[in-house]
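Hi there,

Here is the structure I promised to pass on to you. Have a look at it first, and then read my notes below.

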Amino acid sequence: MSAHSTSSPLKMYFAVFAALLVGTALTVFAARLDLGPLNAPVALGIATVKATLVALFFMHVWHASEKLTKLVVISALFFFLLLLGLTMSDYATRLWS
Amino acid sequence: MHDNSTVAVHDPALLHHFAEPQQQRDAASLGMWVFLATEVMFFGGLFCAYLVYRRWYFGDFAAASKSINMWLGATNTAVLICSSLTVVLAVWAAQTARRTLLIGSLVLTMLLGFAFLGIKGIEYRDKFVEHHVPGASFSFEHEEIPGHPGQYANPQHAQIFFSLYFVMTGLHALHMIIGLGIFLWLLIMAWKGRFTPEWHTPIEIGGLYWHFVDIVWIYLFPLLYLIDRHK
């Protein structure tokens, strides 16, 4: 970890920055294409890639020296997905009989 | 003399209940991450409500979404991404004791934050003028559902979209305003030369907050602005 902090991370920051801008342009472009049922998954997929880049590299989760940080991030995601997953599985199956 | 050579010189930036500076930094960022986990739940309830209604009233949501200027939203996404870059530059400047870069990055972050709120204000103004603000003067008559010519959106359902739009972007904007307050404080501290490579915890913690607010917007943009734009 200490070897990482001494080398300049600037190149990585600018690479992530460029990737985030490309991702934004890609989202706008993809929204104007007819992808059938895939429009929403593609938009959310790009957003998730962008959010992951921000968390891992700008918020330093990737190089976090404290493992508990990763545990907190993963448990926050887990409970958020639990909320969405259980709620949506209820609403998606109400018409089944 | 013998004792002095074995006992490390106490770092003035290190609080007494921590063994070493790294542990102190880890504790601070871990605490911030726990707070951000509660923020995920805070926004999560709104995202969940949004998904339920979007599934029920998809056509109405698409029509309502189409009435928002997506280019303002796209510009704001780019503005926030630029501000996230200036925030990591500020953290790096604090780590490497670059005072000018630190102050410049903090000022730029704040300017980008104000630009975001200004663009958001233009967008809100459009919605007020078009009577798309939920309430007594709300109106969304004869708005076609994208891809269904001759079929009009239900104004009541569109009003639910705009309620979610204003609450979600409004809560996000409130976070931006609080973030600007935090960054003003960071700027004053940086100006006074309080931050050193050994101790710049507030910059790191404030940065985590700013990036989190950016991540929320990364999801809000496609969800609110880009429903069925191709139709």
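Predicted model: local features only at pLDDT ≥ 70, side-chain atom pairs only at ≥ 80, totals over all residues.

**What I found**

How does chain A fill space? Its C-alpha atoms occupy a box of roughly 60 × 35 × 10 Å along the principal axes. The radius of gyration of chain A is 18 Å, whereas a compact globule of 97 residues would have one near 13 Å. Of those 97 residues, 21% count as buried.

Next, the place where the two chains meet. On chain B, 32 residues are in contact with 38 residues of chain A. Helices H2 (21–56), H4 (70–95) and H7 (201–225) of chain B each give at least two residues to the side that touches chain A, and H2(B) has the largest share of that side, with 14 residues. Sorted by class, this side of chain B holds 21 nonpolar, seven polar and four charged residues.

Finally, the largest nonpolar core, which has 73 residues. Both chains take part: H2 (10–31) and H3 (39–58) of chain A are among the helices that each supply at least two residues, and so is H5 (99–129) of chain B. The largest share of this core, 16 residues, belongs to H7(B). The members that touch the most others include B:Ala64, B:Phe161 and B:Leu220. Which residues does B:Ala64 touch, leaving out those up to four places away in sequence? They are B:Phe140, B:Ala153, B:Ala158, B:Phe161 and B:Phe162.

Enjoy exploring!

Conventions. Residues numbered from 1 in each chain as written. Chains lettered and ligands numbered in written order. Contact = placed C-beta atoms within 7 Å. Helix = DSSP H or I, 4+ residues; strand = E, 2+ residues; numbered from the N terminus. Nonpolar A, V, L, I, M, F, W, Y, C, P; charged D, E, K, R; others polar. Core = buried A, V, L, I, M, F, W, Y, C linked by C-beta atoms within 7 Å. Buried ≥ 20, exposed ≤ 12 C-beta atoms within 10 Å, placed from the backbone. Rg over C-alpha atoms; globule rule 2.2 N^0.38 Å.
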